[in-house]
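Biologist: I have a chain open on my screen and would like to go through it with you. Could you put it up on your side too?

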Amino acid sequence: MPGSAHIVSDVMTHTVVAVGREAPFKEIVRTLEQWRVSALPVLEGEGRVIGVVSEADLLPKEEFRDSDPARVAQLRDLSGIAKAGAVTADELMTSPAITVHAGATLAEAARIMTHKRVKRLPVVDEEGRLEGIVSRADLLKVFLRPDDDIEEEVRREVVTHLFPAEGEIVRVSVNEGVVTLTGRVKEAVLIPAAARLIRAIEGVVDFDNQLTAAPHTAQRQ
């Protein structure tokens, strides 16, 4: 019922710096510094994403510079040992890349980031070609939505549909993304439904239910 959810293409960065799989170590470092980013997609062919190289992939070069790790340590960090000797993006990158499509919802992108423990996702088309990149900060932009916009959507998409009965007066207020409904309704069973719909609206931080049920109706939480 609430308006269409924002999708990744609404918030992603469209201009993305990337490197090829043969890019040397120092070129990667220079590119990260120049563009002030912490990771780069690695491309091959016609822009197909094959991996991501990040600062974390580069650090083993420094970590193991002056050490001769014991056998146990080597077995525990075989990946780090291997990357310490890597000199190209192909050897350094994490592959396959964890990606997302431009049409995915922000919630879907957030779940991928959380489950995979990554800070950003290359955005790819159906053939795996790079279209942009989306970061944690991009996903949080939705919470910059003005309170007035949220209030109007709650009133139009939730209150009007769920509480249209004559004699029902439901007031909507929004403060710092927290939506409050006050008033009296005839169908208390609809209050939990209203809560679910309101929390699904983008930009909503929380819902504060101050609705009361008409005397003949027992409120159900």
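Biologist: What's the average pLDDT?

Modeller: The chain averages 88, and 86% of the residues score at least 70; pLDDT is the predictor's confidence in each residue, from 0 to 100.

Biologist: Where does pLDDT stay under 50?

Modeller: That happens over residues 217-221, for which the model has 15 contacts beyond four places in sequence, a contact being heavy atoms within 4.5 Å. Where pLDDT is low, the predicted coordinates should not be read in detail.

Biologist: OK, and how many helices and strands are there?

Modeller: The chain has eleven helices and nine strands, taken as DSSP runs numbered from the N terminus (helices H or I, at least four residues; strands E, at least two).

Biologist: Take helix α10, then: what should its span be?

Modeller: At 1.5 Å a residue, the 16 residues of α10 (residues 147-162) should span 22 Å, and the end C-alpha atoms are 21 Å apart, which agrees; the expected span is 1.5 Å times one less than the number of residues.

Biologist: Where is the kink in α10?

Modeller: The kink is centred on Arg-155 and comes to about 35°, where the bend at a residue is the angle between axes fitted to the seven residues ending there and the seven starting there.

Biologist: Which residues of α10 are buried, and what do they pack against?

Modeller: Ile-150, Glu-153, Val-154, Glu-157, Val-158, Val-159 and Leu-162 are buried, meaning under 20% relative accessible area, with exposed over 50% and partly exposed in between (1.4 Å probe, protein chains only). The buried residues of α10 pack against β7 (169-175), β8 (178-185) and α11 (190-199).

Biologist: And what do the buried residues of α11 pack against?

Modeller: Those of α11, among them Ile-191, Leu-197 and Ile-198, pack against α10, β8 and β9 (206-213).

Biologist: Is Thr-180 buried or exposed?

Modeller: Thr-180, whose place is in strand β8, counts as buried because its relative accessibility is 14%. Leaving aside residues up to four places away in sequence, Thr-180 touches Arg-171, Val-172, Ser-173, Asp-208 and Gln-210.

Biologist: Changing topic, what is the strand order in the open sheet of three strands?

Modeller: The order is β1-β2-β3, with mixed pairing. Since β1 and β3 stand at the edges, each with a single partner strand, one side of each is left without a neighbour in the sheet.

Biologist: In which sense do these strands pair?

Modeller: Strand β1 (residues 19-20) and strand β2 (residues 39-44) pair in the parallel sense over two bridges, whereas β2 and strand β3 (residues 48-54) pair in the antiparallel sense over six bridges; two strands pair if DSSP finds at least two bridges between them.

How values were computed
Residues numbered from 1 in each chain as written. Predicted model: local features only at pLDDT ≥ 70, side-chain atom pairs only at ≥ 80, totals over all residues. Heavy atoms only, no water.
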